[in-house]
Amino acid sequence: PWLAWLLSGTLQVFLLQMILGGFLLTVGGLLVYHSYLVATAQTTWEHLSRWRIEYMRHFPREVFPFSVGLLENVRRFFLEPSTAVNPRDWTFTWGPGEPVPFNLFENKWWSCC
């Protein structure tokens, strides 16, 4: 019976489903992660190496200094042309000493990433 099952193609279909499932999980995970980055107006480098970046060090972990809200972040990402801005011209949406704004992803009840 084992040889008949192997020759019937069931094993090949099962292996193909496992490979495609792994591919979809990987691509789906990347989609979710990069959607989070767009929603919070971060780059991968800013998210993964925040403590090493000079201009990000003084911000608390739950503050995204370039974020202007979920909908505006998404609009800017998809609809505005990318422009290189001199770091001296950056405008942060939060400054040291100001109250930390509520953040859906990082707050005192739960934390994402």
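Guide: We'll take confidence, then fold and surface, then salt bridges.

Guide: This is a predicted model, where local features need pLDDT of at least 70, side-chain atom pairs count only at pLDDT 80 or more, and totals for chains, interfaces and linings use all residues. Residues are numbered from 1 along each chain as its sequence is written, and side-chain values use heavy atoms, with hydrogens and water left out.

Visitor: What is the mean pLDDT of the chain?
Guide: The mean is 81, and 73% of residues reach 70 or more. pLDDT is the predictor's confidence in each residue, from 0 to 100.

Visitor: Where is confidence lowest, and where highest?
Guide: Lowest is helix 1 (residues 2-7), with a mean of 71. Highest is helix 2 (residues 10-40), at 93.

Visitor: How many helices and strands are there?
Guide: There are 4 helices and 0 strands. Along the sequence that reads α-α-α-α. Helices (H or I, at least four residues) and strands (E, at least two) are DSSP runs, numbered from the N terminus.

Visitor: What share of the residues is buried?
Guide: Of the 113 residues in the chain, 21% are buried. Buried means under 20% relative accessible area, exposed over 50%, and partly exposed in between (1.4 Å probe, protein chains only).

Visitor: Now the charges. How many salt bridges does a search of the whole structure find?
Guide: It finds 4. The test is a side-chain nitrogen of Lys or Arg within 4 Å of a carboxyl oxygen of Asp or Glu.

Visitor: Which residue does glutamate 54 pair with?
Guide: Arginine 57, at 2.9 Å from N to O. Glutamate 54 is exposed, at 59% relative accessible area. Arginine 57 is partly exposed, at 48%.

Visitor: How far apart are the atoms in its bridge with arginine 76?
Guide: For glutamate 72 and arginine 76, the closest N and O atoms are 3.1 Å apart. Bridges that share partners join Glu72, Arg75, Arg76 and Glu80 into one network.
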